[in-house]
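Visitor: Can we go through this structure piece by piece? I have it open and will jump around a bit.

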2 protein chains.
Amino acid sequence: MKICVLGGDGYCGWATALYLSRRGHTVAIVDNYLRRQWDFELGVQTLTPIQPLAERLRVWQELTGSAIDLFTGDVTDYEFLSGVFETFQPDAVIHFAEQRAAPYSMIDRKHAVFTQVNNVVGTLNVLFAIREYQPDCHLIKLGTMGEYGTPNIDIEEGYLRVEHNGRSDVLPFPKQPGSFYHLSKVHDSHNMMFACKIWGIRATDLNQGVVYGTVTDETGLDEALINRFDYDDVFGTVLNRFCVQAASGHPLTVYGKGGQTRGFLDIRDTVRCIELACLNPAAPGECRVFNQFTEQFSVLELANMVKAAAAKMGVTVEVAHMPTPRVEAEEHYYNAKHSKLIDLGLHPHYLSDSLLDSLMNVALRYQDRIDISQFLPQIQWRNATNRRARPISASATVGAHTRP
Amino acid sequence: MKICVLGGDGYCGWATALYLSRRGHTVAIVDNYLRRQWDFELGVQTLTPIQPLAERLRVWQELTGSAIDLFTGDVTDYEFLSGVFETFQPDAVIHFAEQRAAPYSMIDRKHAVFTQVNNVVGTLNVLFAIREYQPDCHLIKLGTMGEYGTPNIDIEEGYLRVEHNGRSDVLPFPKQPGSFYHLSKVHDSHNMMFACKIWGIRATDLNQGVVYGTVTDETGLDEALINRFDYDDVFGTVLNRFCVQAASGHPLTVYGKGGQTRGFLDIRDTVRCIELACLNPAAPGECRVFNQFTEQFSVLELANMVKAAAAKMGVTVEVAHMPTPRVEAEEHYYNAKHSKLIDLGLHPHYLSDSLLDSLMNVALRYQDRIDISQFLPQIQWRNATNRRARPISASATVGAHTRP
């Protein structure tokens with residue numbers, strides 16, 4: 001298949017592009033390097049030393065003989081996106097090209113507005129481009145499990161049969177997202193459902209859980225192909241941060257009681273889920289929703305798992321509770337369904353098996369790049385404006401200057 | 001109360017500003033005249049000869065002694081909006097300042113993107129301005145009954161108690177909007193709910209039905225205060241169009257079977273509902289939803305009512321069915337609750353009483369301004385791009401040139 005990966009220089013996008021390329025698909029990456037720009041803006045960097053995309057693609061072709069096409073530009077620029085569709089004529093488009101960090105969207109008004117405009121306009125453009133240039137193209141769009149929030153009922157995959165006053169209907173599952181970023185994905189989901197209905201577009205909305213892990217079979221082929229590992233307070237995810245905290249001997253910072261429960265998956269399952277969606281496309285006019293995660297954990301459970309894993313490696317770490325910077329339930333019911341991708345053939349990797357290899361070992365391997373000033377949250381949901389003050393001091397950085 | 005009416009030069013906004021001013025409130029209008037600009041873009045005009053806002057306000061003050069403040073600018077410009085909040089310090093903000101026509105949002109990609117960005121960013125700005133400058137200010141935001149679509153269950157006022165797998169929760173009512181415009185209002189509703197939760201903002205989301213009628217006690221005081229009456233294929237509403245068609249002896253154009261059922265209300269009830277919401281504000285942190293309409297009708301019922309009203313006035317008109325340009329159910333279940341505003345003290349005006357006075361008579365009074373080329377729909381939902389070709393011909397305009 002000809003598959004276009006929007007946002008193919010990012011964390012999930014890069015792993016996906018390589019996986020699909022190795023599986024024999026013809027792959028094109030579209031990216032504008034905004035993700036790298038945000039690191040500069042925030043004064044943070046991935047733990048792993050990622051290479052420029054051109055270098056990554058050169059090494060990939062050298063190692064595998066497979067070329068990945070590259071279109072450099074912004075999906076919110078419709079003239080550019082139209083050119084991509086006319087040139088590449090994709091059978092499937094995987095849309096990762098969004099601002100994906102909740103804290104980034106909560107910095108202030110400008111970041112909230114940027115996140116919603118960037119994500120909503122990008123997705124509208126993709127929908128219009130499919131309608132105009134490639135009506136049979138299957139859109140695979142990354143949503144988030146965070147669209148659902150934490151309702152006091154079981155979370156279904158996108159739709160819910162509702163019985164009410166003696167009547168019944170299947171309706172979109174009600175959404176209670178917890179940040180301006182999560183809201184942008186809810187907006188996208190509604191726009192997609194409508195576009196499928198009026199134009200007969202095929203779409204799969206993947207409500208993905210929190211992805212962990214750095215190494216896939218493909219990114220592991222060469223150091224130059226290494227993937228991102230974000231642990232900072234804005235783009236970092238909780239499990240990465242715990243592992244880096246453990247590796248640097250810092251307490252694991254649990255927000256509030258730590259009863260916040262979410263869905264998680266290994267990045268090796270992300271890339272497989274994407275391919276399963278490609279190989280089993282939605283029908284014309286169908287807006288299909290999969291909950292893309294394999295296990296659910298509370299934050300405190302994760303902290304205890306990391307603590308135990310560190311102990312096995314001879315590292316003693318503490319678990320420290322601190323006030324949550326978010327507005328969220330610290331204890332709640334959570335039971336989210338996630339059987340549709342299993343039905344299509346997904347064989348999950350489980351966290352207990354990959355915690356040491358793919359997380360703790362990577363954190364330890366690059367521990368001289370750890371910047372401990374990135375650990376603590378600086379973006380408070382209850383503030384309208386947050387000024388991130390990144391302390392620059394010798395003590396705040398452990399050996400970052402010494403790495404060649 | 002000090003009440004700021006965003007979009008106060010528009011149809012609902014103008015009637016509301018005058019009503020609140022006459023009831024003794026201190027009123028400020030914020031507008032950027034985009035609504036007037038869209039008439040130029042589309043080559044259409046209101047049936048009624050509205051005056052420039054400065055003239056309207058001058059006459060209002062002359063007649064009543066009440067001055068209405070005016071801030072000219074765009075709510076998507078946060079610097080401007082901040083100035084309004086700092087200067088006027090409103091107790092309540094009524095937010096009408098959005099692009100409100102479904103067909104306009106369906107013209108093409110640019111109009112879809114414009115509608116969503118304009119509406120979403122405007123509302124985000126208002127939420128941030130309340131948070132930053134006037135945290136106790138009550139936001140009264142115009143949503144639409146079209147957010148709900150036409151589910152096969154009763155439509156509740158904003159929230160639904162769901163029983164599922166033996167558990168229960170009260171969740172936002174699932175939304176199935178039918179245009180990029182209606183989607184923008186769904187996006188707004190989600191953003192508002194979140195802002196109330198994290199910042200303790202007071203908000204009332206008014207899911208308004210289709211408003212009809214031109215005359216209120218205030219706009220009727222002087223010809224210079226006359227309100228808009230839109231009947232064109234883009235901004236016109238179905239009931240206005242039927243009345244103008246009847247007044248000009250043209251068949252009433254019913255889309256499809258005409259079983260499309262919607263909620264309707266008289267503009268005199270709109271202004272009263274707004275005041276009721278102001279006088280009974282939402283609690284801090286509450287995002288309250290009222291369904292703001294008084295009666296529900298199918299399109300075919302409306303056509304038959306207009307036909308009967310015209311007959312009483314000696315005018316014979318036919319009802320003509322034509323393919324719907326939209327993607328919508330032409331027959332469906334529809335039962336939407338609307339008791340909360342009644343509970344607050346609304347005494348509805350009913351269509352059967354106002355059809356002749358406020359609609360047919362206005363249509364006949366200004367029949368020499370009727371442009372029959374504005375009757376037929378030119379925006380097809382199934383097209384990605386619609387080119388509106390407005391025929392300019394002597395036969396298309398009935399006497400428009402002869403009016404002094």
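Guide: In chain B, the axes of helix 8 (residues 238-247) and helix 10 (residues 299-312) come within 10 Å and cross at roughly 35°. Keep in mind that this is a predicted model.

Visitor: Is that crossing right-handed or left-handed?

Guide: The crossing of helix 8 of chain B and helix 10 of chain B is right-handed.

Visitor: Which residues make the contact?

Guide: Helix 8 of chain B contributes Val238(B), Leu239(B), Phe242(B), Cys243(B) and Ala246(B). From helix 10 of chain B come Val299(B), Leu302(B), Ala303(B), Val306(B) and Ala310(B).

Visitor: Switching to sheets. What is the strand order in the open sheet of three strands in chain B?

Guide: The order is 9-11-13 in chain B, and the pairing is mixed. Strand 9 (210-212) and strand 13 (295-298) of chain B each have a single partner strand, so one side of each has no neighbour in the sheet. From one strand to the next the twist averages 45°.

Visitor: How do strand 11 and strand 13 of chain B run?

Guide: Strand 11 (residues 261-266) of chain B and strand 13 of chain B are antiparallel and joined by four bridges. Gly263(B) has Gln296(B) in strand 13 of chain B as its bridge partner.

Visitor: Which helix lies across strand 9 and strand 11 of chain B?

Guide: That is helix 9 (residues 267-279) of chain B, running at about 80° to strand 11 of chain B. Helix 12 (residues 351-365) of chain B also packs on the sheet, where it touches strand 9, strand 11 and strand 13 of chain B. The direction of helix 12 makes about 55° with that of strand 9 of chain B.

Visitor: Now chain A. What about the open sheet of seven strands?

Guide: The order there is 3-2-1-4-5-8-12 in chain A, with parallel pairing. Its edge strands are strand 3 (69-72) and strand 12 (287-292) of chain A. Neighbouring strands are turned by 20° against each other on average, direction ignored.

Visitor: Back to chain B. Is Arg288(B) buried or exposed?

Guide: Arg288(B) is buried, because its relative accessible area is 11%, and buried means under 20%. Arg288(B) lies in strand 12 (residues 287-292) of chain B. Beyond four places away in sequence, the residues it touches include His138(B), Thr204(B), Asp205(B) and Asn280(B).

Visitor: What about Asp69(B)?

Guide: Asp69(B) counts as partly exposed, at 39% relative accessibility. Asp69(B) is in strand 3 (residues 69-72) of chain B. Leaving out neighbours within four places in sequence, Asp69(B) is in contact with Val27(B), Ala28(B), Ile29(B) and Phe88(B).

Visitor: Last one. Which residues of helix 2 of chain A are buried?

Guide: In helix 2 (residues 34-42) of chain A they are Arg35(A), Arg36(A), Trp38(A), Asp39(A) and Leu42(A). Seen down the helix axis, these fall within an arc of 155°, so they line one face of helix 2 of chain A. They pack against helix 3 (53-64), helix 5 (102-105) and helix 6 (109-133) of chain A.

Notes: Residues are numbered from 1 along each chain as its sequence is written. Chains are lettered from A and ligands numbered from 1 in the order in which they are written. This is a predicted model: local features need pLDDT of at least 70, side-chain atom pairs count only at pLDDT 80 or more; totals for chains, interfaces and linings use all residues. Side-chain values use heavy atoms; hydrogens and water are left out. Two strands pair if DSSP finds at least two bridges between them. Helices (H or I, at least four residues) and strands (E, at least two) are DSSP runs, numbered from the N terminus. Axes are lines fitted to C-alpha atoms, for helices over the stretch in contact, and angles run from 0 to 180 degrees between N-to-C directions. A crossing is left-handed if the near helix is turned anticlockwise from the far one by less than a right angle, and right-handed if clockwise. Contact means heavy atoms within 4.5 Å. Buried means under 20% relative accessible area, exposed over 50%, partly exposed in between (1.4 Å probe, protein chains only). The arc is that of the directions from the helix axis to the C-beta atoms.
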